[in-house]
Amino acid sequence: MNFDISRKRMVETQLVARGITDRRLIEVMLNLPRHMFVQEAMASQAYNDTSLPIGEKQTISQPYMVALMTEMLSLSGKERVLEIGTGSGYQAAVLSKLAGRVYTIERIPSLASRSRKLFDTLGLTNISMKIDDGSVGWASEAPFDAIIVTAGAPEVPLALVQQLQPDGRLVVPVGDQVSQVLNLVKRSADDGFTVEASTPCRFVKLIGSEGWSQ
Ligand code: SAM
């Protein structure tokens, strides 16, 4: 299996053809070995247009969803970004190439430890990680320029909005336990915020005190 060819095809047919235009993001997804983030038996499916199981009833998100949510954060290179739901580590790895420092939180220890090893293997030294309930954010490292939640929440978690810098952006899927809509929250300089709902999506549950109970 030639992963380079599959990855190039993924970027052209799933990302660029659907309107992803951020050149830095496209370059990162052209080069990052997504097949290393899935279970070995599924490596041949890593560049398919779909999410995939990663164990513990969790998933690595569809490549297009990773690209779309990342593009919505409008990163230029120096930001401090918080991710909730490390999962396979793929989204955090994409962010690490586009921002200054990434903070990522995962509640399932086995997924966190696999991701941590991958970050080491790939030399991604600007990622800080912890095992915790990320629905309340990472107060000791706040504020953040951008926050991305890669699990579905019943409502926009207000603790996360409060950890945004003025002009900061939060992307979070909000809806019921079956389907959600991407919400883009922008914090304004005067401490208020706006919420814009856009693309329908389907994520596993955000479980925690500002998410679902189980
Ligand atoms: N971003 C991931 C990737 O690139 O593979 C995909 C994440 S997967 C769709 C959602 C992840 O969120 C799961 O690994 C799940 O355990 C995690 N999760 C759910 N609720 C959480 C919470 N309150 N805090 C931290 N992680 C949580």
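Modeller: We will take a helix, a core and some strands in turn. This is a predicted model, in which local features need pLDDT of at least 70 and side-chain atom pairs count only at pLDDT 80 or more, while totals for chains, interfaces and linings use all residues. Residues are numbered from 1 along each chain as its sequence is written, and side-chain values use heavy atoms, with hydrogens and water left out.

Biologist: How many residues of helix α3 are buried?

Modeller: Buried means under 20% relative accessible area, with a 1.4 Å probe and protein chains only, and helices are DSSP runs of H or I with at least four residues, strands runs of E with at least two, numbered from the N terminus. In helix α3 (residues 63–72), 9 of the 10 residues are buried, among them Pro63, Tyr64 and Met72.

Biologist: Which residues touch the most other members of the largest nonpolar core?

Modeller: In soluble globular proteins, nonpolar side chains tend to be buried together. A nonpolar core is a set of buried Ala, Val, Leu, Ile, Met, Phe, Trp, Tyr and Cys residues joined through side-chain atoms within 4.5 Å. Here the largest has 50 residues, and those touching the most other members include Ile20, Leu73 and Leu75; α3 gives the most to this core, with 7 residues.

Biologist: Why is strand β4 largely enclosed?

Modeller: Strand β4 (residues 101–106) has 5 of its 6 residues buried, so it is largely enclosed by the rest of the structure. Two strands pair if DSSP finds at least two bridges between them, and β4 pairs in the parallel sense with strand β3 (residues 80–84) over 5 bridges, where Leu82 stands opposite Tyr103.
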